[in-house]
Amino acid sequence: MSFDVQKIREDFPILHRQVNGYPLVYLDNAATSQKPQAVIDCIVDYYSLYNANIHRGVHTLSQEATDAYEKARRKIQQHFHIALPEEVIFTSGTTHGINLVANGFASILKKGDEVLVSALEHHSNIVPWQMLCERTGASLKVIPMNESGELRMDHYDTLLTPKTQLVFVNHVSNALGTINPIEEIIEKAHAMNAAVLIDGAQSCAHIRPDLQKLNVDFYVTSAHKMCGPTGVGMLYGKKEWLEKLPPYQGGGEMIKEVTFEKTTYAELPHKFEAGTPNICGGIAFGAAIDYLNEIGFETIANYEDSLLIYATQRLLEIEGLKIYGTSKNKTAVISFNLEGIHPYDVGTIVDKLGIAVRTGHHCAQPIMDFYNIPGTVRASFSFYNTKEEVDRLTEAVQRAKSMLS
Amino acid sequence: MSIASLQEELIEEFSLFDDWMDKYEHLIELGKSLPLIDPALKSEDKLIKGCQSKVWLNAELKDNDIVFTADSDAIITKGIIAVLIRVFSNQKPEEIIKADMNFIDEIGLKEHLSPTRANGLVSMIKQMKLYAVAFQAQLKN
């Protein structure tokens, strides 16, 4: 299928607005993606036609809402190639999923155990494990990275020991875009009987993973990174793991029977879904998955790769521009600085020219410390971006450079 | 000059530029001309942390007036610091405490002083006012 980006852009109403007098160029897709009309319509339809609480009402609306929500769960199951629908837990997002697993492991880990995280992690994937280690007396070890922003797998081999209980790695780094070798990470961890959690927040919009084939123990992601709404995400856990972990929150939905003496917990997935969930968000998550699959992940990846190559070429034409994260294996993310110029200043000027990029440490301070920089300017691309937009970015950065130096 | 008239002067100065580019170029010039801070003062205790850029602020009392010196690692932030120092440095503590901040809006730099911008400037203004309160108490004793 040929890919017509102009036609795709018609699906995204926000791409037609102006910012500071210029047509918007949205290059902050790693922070959140924009939403196609199909997802917006799904949200409007839900609240206009069948809003009701789910799983308990006998009335028609409740049944319709429950059906739609459970259908979305099955869409997620199919999309990520998960064996059972009850292995899909709806969460409020990636951070919620990570905390749910970390909390569960508090009852499993003991003093002397080790937890491995990668040096490429987002703060949300560092802090919960630090808290977990403080609670349990386990220690946190870090898989270091090299100058190109790739994990040092030779160090991973030595860090991985029989003491290792858990390994947590993001599939793609949010700050640099590096795609980590998760197949190898999972296989080696399993050889040591350690469990693995993969954070898919930065990869899910670009790479469709086969979770059964990966044989991963846990996988978390957020809908809003892949054209869905904010406030909803998913946790995949192998059934045997989810049965082993204690519930994270108490409340409605997660119980089977309650007396003052004892409560028995509901079956999976409800054990981990206390309270009224983000029903509309869950259904719209399903609509976003449908939308992306209609385009096709291969088509998306090929197109984004061509944008990455073009943008890298164009930006490197600017003298004094340095790109951080130069792995051959990366998604369409370019983190860069202009020599002697603070990223905040560059971000401010390009915003004035209608271009949305992210500046700062991208919630990954350890990476910035590694390069000894205060932060970077990060342009992250999606399939609805164009080469013309790359040109606009390049011109804007040029202009910022001449104003600021 | 009083705080109010310094503010008026700045509003007038910035009104000469209709184009945002010229306004920012002027701001960048102001940032570059900000007197260098004594490197010894760029210490951890003078640092106001922002997620996006860092600000160092020092205050001293000189003949009952507060003298502020400051620096930032980002030049646009430094330009705004230069504006703030021009207004607040060499002023009496009580004048600083009661000073209105609306002039930043009128200059057209409001977006930089949004609490969510995380560039350290909002905390810097707060810190300037806190210094004024502290020095005022000191002077009364």
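Chain B contains 6 helices and 3 strands, where helices (H or I, at least four residues) and strands (E, at least two) are DSSP runs numbered from the N terminus. The model is a predicted one, in which local features need pLDDT of at least 70 and side-chain atom pairs count only at pLDDT 80 or more, whereas totals for chains, interfaces and linings use all residues. Residues are numbered from 1 along each chain as its sequence is written, and chains are lettered from A and ligands numbered from 1 in the order in which they are written.

Read from the N terminus, the elements of chain B follow the order α-α-β-β-β-α-α-α-α. The C-alpha trace of chain B extends over about 50 × 30 × 25 Å along its principal axes.

The strands of chain B form an open sheet of 3 strands in the order β1-β2-β3, with antiparallel pairing, two strands being paired if DSSP finds at least two bridges between them. Its edge strands are β1 (47-48) and β3 (65-72) of chain B, each of which pairs on one side only. Between β1(B) and strand β2 (residues 55-62) of chain B, which run antiparallel, there are 2 bridges: Leu47(B) lies opposite Trp56(B), and Ile48(B) has Val55(B) as its bridge partner. Antiparallel β2(B) and β3(B) are joined by 8 bridges, and Lys62(B) is placed opposite Asp65(B) of β3(B). These two strands, β2(B) and β3(B), form a hairpin with 2 residues between them, and Asp63(B) in the turn has a positive phi of about 50°.

Helix α6 (residues 121-140) of chain B lies across β1, β2 and β3 of chain B and runs at about 20° to β2(B). Axes here are lines fitted to C-alpha atoms, for helices over the stretch in contact, and angles run from 0 to 180 degrees between N-to-C directions.

In chain A, the axes of helix α3 (residues 60-79) and helix α10 (residues 279-295) come within 8 Å and cross at roughly 40°. The arrangement of α3(A) relative to α10(A) is therefore oblique, given that angles under 35 degrees count as roughly parallel, over 145 as roughly antiparallel, 65 to 115 as roughly perpendicular and the rest as oblique. The contact involves residues of α3(A) including Ala65(A), Tyr69(A), Ala72(A) and Ile76(A), and residues of α10(A) including Ile279(A), Ile283(A), Phe285(A) and Ile289(A), residues being in contact if their C-beta atoms, placed from the backbone, lie within 7 Å. By class, this contact between α3(A) and α10(A) has 9 nonpolar, 4 polar and 3 charged residues; Ala, Val, Leu, Ile, Met, Phe, Trp, Tyr, Cys and Pro count as nonpolar, Asp, Glu, Lys and Arg as charged, and the others, Gly among them, as polar.

Between the chains, 11 residues of chain A are in contact with 13 residues of chain B. At least two residues of the side of chain A that touches chain B are supplied by each of α12 (343-352), β16 (358-360) and α14 (387-404) of chain A, and the largest share, 5 residues, comes from α12(A).

Key. Two residues are in contact if their C-beta atoms, placed from the backbone, lie within 7 Å.
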